[in-house]
Amino acid sequence: MTARVMDRVFDQQAMADRADWLAVLVAVSIPWSTSATGILTVIWVLALVPTLSWPGLRRELMTPAGSLPVLLFLLGALGMVWADVPWDARLGGLHGFVKLLAVPLLIVQFRRSDKGMRVLVAFLLACVALLIASFVTKIFPDLPRGSSDPGAAVKNYIVQSAEFAICAAVLLDIAVERVVAKQWRAASGPLLLGFAFLADIVFVLTSRTTLVILPVLAAICGFRRFGWRGLVGAGAIIAVGAGIALTTSPYLHGRVASVYTQTHAFETRDAVTST
């Protein structure tokens with residue numbers, strides 16, 4: 001009995017399955033809890049490493065998708081070396097770059113697994129729950145929540161708007177793909193949900209970084225789908241959408257206008273501003 005249990009624990013396929021499900025749990029935790037994400041990520045790495053194909057990892061590191069995150073991490077580490085701050089601050093600055101090292105690991109993991117879509121769906125469902133919580137906390141601001149930002153149930157407005165931008169971009173890209181294939185009914189779900197995420201960004205809570213990233217993602221989507229015509233079309237949609245958003249959302253108009261006022265305050269009074 002003990003031998004069979006041990007064989008099951010160290011069976012390569014069973015270990016690979018556990019690593020896949022741990023990746024799903026990490027995806028669920030990302031929108032909601034930094035601590036849970038950190039703990040689950042460590043467990044995921046420990047479960048994944050024994051299952052890796054090292055020739056496969058080396059092969060992925062030779063591709064642009066696998067090598068660019070590693071090069072960005074090395075660039076961050078290089079900047080840390082000559083930074084004029086204490087070492088604890090240097091290592092703290094490198095923390096964000098460490099996350100990039102998960103990218104080649106995930107590519108290798110889901111190159112040999114067909115469960116990658118579960119990770120994406122898990123992240124989407126977690127973000128949908130956060131979207132509902134965002135609207136609820138905006139309508140009922142006195143409800144207990146884990147954020148000081150109005151409209152954010154947990155974490156902060158920068159993280160939430162970035163996550164919603166990811167979901168909106170992917171959902172709208174899927175909707176475009178289905179519209180091109182004339183699958184009108186199948187396109188309606190991703191289209192409506194994508195616009196729901198955009199509505200939260202426009203009317204509830206956003207970071208100005210997200211406002212810069214969204215047009216870039218739209219342009220990439222348009223070019224990838226339709227070439228230069230798609231890029232021009234995406235530019236036109238961005239212009240019209242930005243105009244509608246700025247005229248219908250006083251919140252968004254204020255966020256954009258604050259770029260000028262905060263920049264002016266910095267230039268004239270040396271004021272410390274988020275811009």
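Helix α8 has a buried side made up of Gly116, Val119, Ala122, Phe123, Ala126, Cys127, Leu130, Leu131, Ala133, Ser134 and Thr137. These buried residues pack against α2, α7, α9 and α10 (184-203). Keep in mind as you explore that this is a predicted model.

- Let's check the length of α8: at 1.5 Å a residue, its 24 residues should span 34 Å, and the end C-alpha atoms are 35 Å apart, so the two values agree.
- The largest nonpolar core holds 32 residues. Trp44, Leu48, Leu105, Val119, Cys127, Phe164 and Phe197 are the ones with the most contacts inside this core.
- At least two residues of this core come from each of α2, α3 (34-48), α7, α8, α9 and α10.
- Helix α8 gives the largest share of the core, with seven residues.
- Leu48 touches Ala19, Leu105, Gln109 and Arg112, leaving aside residues up to four places away in sequence.

**Salt bridges**

- The structure holds seven salt bridges.
- Asp20 pairs with Arg112 in a salt bridge, with the closest N and O atoms 3.3 Å apart. Asp20 sits in helix α2 (residues 12-29) and Arg112 in the loop between α7 (102-111) and α8 (116-139), so this pair ties together parts that are 92 residues apart in sequence.
- Asp20 is buried, with a relative accessible area of 3%, whereas Arg112 is partly exposed at 39%.
- Asp173 forms a salt bridge with Arg224, and their closest N and O atoms are 2.6 Å apart. This pair also links distant parts of the chain, as Asp173 is in helix α9 (residues 157-180) and Arg224 is in helix α11 (residues 208-248), 51 residues apart.
- Asp173 is buried, with a relative accessible area of 12%, while Arg224 counts as exposed at 53%.
- Asp114 and Lys115 form another salt bridge, with the closest N and O atoms 4.0 Å apart. Asp114 is exposed, at 69% relative accessibility, but Lys115 is buried, at 15%.

**A buried charge without a salt bridge**

- Glu163 lies in helix α9. This residue is buried yet has no salt bridge.
- Why does Glu163 have no salt bridge? The nearest side chain of opposite charge, Lys155, is 4.2 Å away, and a salt bridge needs the nitrogen within 4 Å of a carboxyl oxygen.
- Not counting residues up to four places away in sequence, Glu163 touches Ile30, Pro31, Phe123, Cys127, Leu130 and Lys155.

**Aromatic rings**

- The whole structure has two aromatic pairs.
- One of them is Phe223 with Trp228, an edge-to-face pair with 5.1 Å from centre to centre and 70° between the planes.
- Phe223 is partly exposed, with a relative accessible area of 39%, and Trp228 is exposed, at 64%.

Definitions and conventions
Residues numbered from 1 in each chain as written. Predicted model: local features only at pLDDT ≥ 70, side-chain atom pairs only at ≥ 80, totals over all residues. Heavy atoms only, no water. Helix = DSSP H or I, 4+ residues; strand = E, 2+ residues; numbered from the N terminus. Buried < 20%, exposed > 50% of the residue type's maximum accessible area, 1.4 Å probe, protein only. Expected span 1.5 Å × (residues − 1). Contact = heavy atoms within 4.5 Å. Core = buried A, V, L, I, M, F, W, Y, C linked by side-chain atoms within 4.5 Å. Lys, Arg positive; Asp, Glu negative; His and termini not counted. Phe/Tyr/Trp six-rings, centres within 6.5 Å; stacked < 30°, edge-to-face > 60°.
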